[in-house]
Amino acid sequence: MLYVRRLRTLLGMSWPDRWLFAEAAIWLTAARLAVALLPFRQIARRLGAEHAETSADDESMPPFAWRVSRAVRTMRRNMPWQSKCLDQAIAAHQMLRRRGVPSTLYLGVAKEGDSALSAHAWVRCGRLLVVGGEGRHRYTVVNTFADLEGETG
């Protein structure tokens, strides 16, 4: 029954939204494979300007960023594996980048307990936290990757 409901929802979407959701699935898959198979320094080279941030002004937040957020958040729940925060951040960042929409990917760490560290990744476009914004305040930012206007990957 759940699959019938999902199919009806998909068929009820416009073609541009269907393509956006398919693109989110493709980027989540590519990100998952990259994180599993490549050293992070190779991935980092493709994420934009290191230690840079985009503007947090409302004017820099195009409505398209909301659509990317929705597509990635929805598709992460429908993948046959668990899409972690880094996978989601890479997917959203690349989807925005393809369209020339400036965004910043953040990497943060937090101490848990006596010695364990946990990591988190999130993406911001203007004032919108596209993915991973939940709980980000617990993390200390250790690196950022920004796609500045006009920059392509």
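Q: What percentage of the 153 residues in the protein is buried?
A: The model is predicted: local features need pLDDT of at least 70, side-chain atom pairs count only at pLDDT 80 or more, and totals for chains, interfaces and linings use all residues. Residues are numbered from 1 along each chain as its sequence is written, and side-chain values use heavy atoms, without hydrogens and water. Buried means under 20% relative accessible area, exposed means over 50%, and partly exposed lies in between (1.4 Å probe, protein chains only). Of the 153 residues, the buried share is 43%.

Q: In what order do the elements of the protein run from the N terminus on?
A: Helices (H or I, at least four residues) and strands (E, at least two) are DSSP runs, numbered from the N terminus. From the N terminus on, the order is α-α-α-β-α-α-β-β-β-β.

Q: What percentage of the contacts with a separation of 6 or more joins residues 24 or more positions apart?
A: Contact means heavy atoms within 4.5 Å. Among the contacts with a separation of 6 or more, the share from residues 24 or more positions apart is 74%.

Q: Which residues form a nonpolar patch on the surface?
A: Patch residues have over 30% relative accessible area and no salt bridge; like charges are joined within 9 Å, nonpolar side chains (Val, Leu, Ile, Met, Phe, Trp, Tyr) within 5 Å. One member sits in helix H2 (residues 15-37). Together the members have about 310 Å² of accessible area. They are Leu33, Leu37 and Leu38.

Q: At what angle do the axes of H4 and H5 cross?
A: Two packed helices are described by the angle between their axes and the distance between the axes. Here axes are lines fitted to C-alpha atoms, for helices over the stretch in contact, and angles run from 0 to 180 degrees between N-to-C directions. The axes of H4 and H5 (residues 85-98) come within 10 Å. They cross at roughly 145°.

Q: Is the crossing of H4 and H5 left-handed or right-handed?
A: A crossing is left-handed if the near helix is turned anticlockwise from the far one by less than a right angle, and right-handed if clockwise. In H4, Phe64, Ala65, Val68, Val72 and Arg76 meet Gln88, Ala92, Met95 and Leu96 in H5. The crossing is right-handed.

Q: How many residues apart in sequence are the parts that Arg99 and Glu23 tie together?
A: A salt bridge is a side-chain nitrogen of Lys or Arg within 4 Å of a carboxyl oxygen of Asp or Glu. Arg99 and Glu23 meet in one at 2.5 Å, N to O. Arg99 lies in the loop between H5 and strand E2 (103-112) and Glu23 in helix H2, so the separation in sequence is 76 residues.

Q: Which residue is linked with Glu23 and Arg99 in a network of salt bridges?
A: Glu23 counts as buried at 10% relative accessibility, while Arg99 is partly exposed at 34%. The network also takes in Arg98.

Q: Which residue forms a salt bridge with Arg32?
A: The closest N and O atoms of this pair are 3.3 Å apart. Arg32 is partly exposed at 26% relative accessibility. The partner is Asp87.

Q: Is Asp147 buried or exposed?
A: Asp147 forms a salt bridge with Arg97, with the closest N and O atoms 2.7 Å apart. The two are 50 residues apart, Asp147 in strand E5 (residues 140-147) and Arg97 in helix H5. With a relative accessible area of 2%, Asp147 is buried.

Q: How far apart in space are the C-alpha atoms of Met79 and Thr29?
A: Met79 is in the loop between H4 and H5. Not counting residues up to four places away in sequence, Met79 touches Ala25, Leu28 and Thr29. Met79 and Thr29 are 50 residues apart in sequence, and their C-alpha distance is 8.5 Å.

Q: What is the phi of His51?
A: Most residues other than glycine have a negative phi. His51 lies in the loop between strand E1 (49-50) and helix H4 (64-78). His51 is not a glycine, yet its phi is positive, at about 60°.

Conventions
Accessible areas come from the Shrake-Rupley method with a 1.4 Å probe; for residues, only the protein chains shown count as cover.
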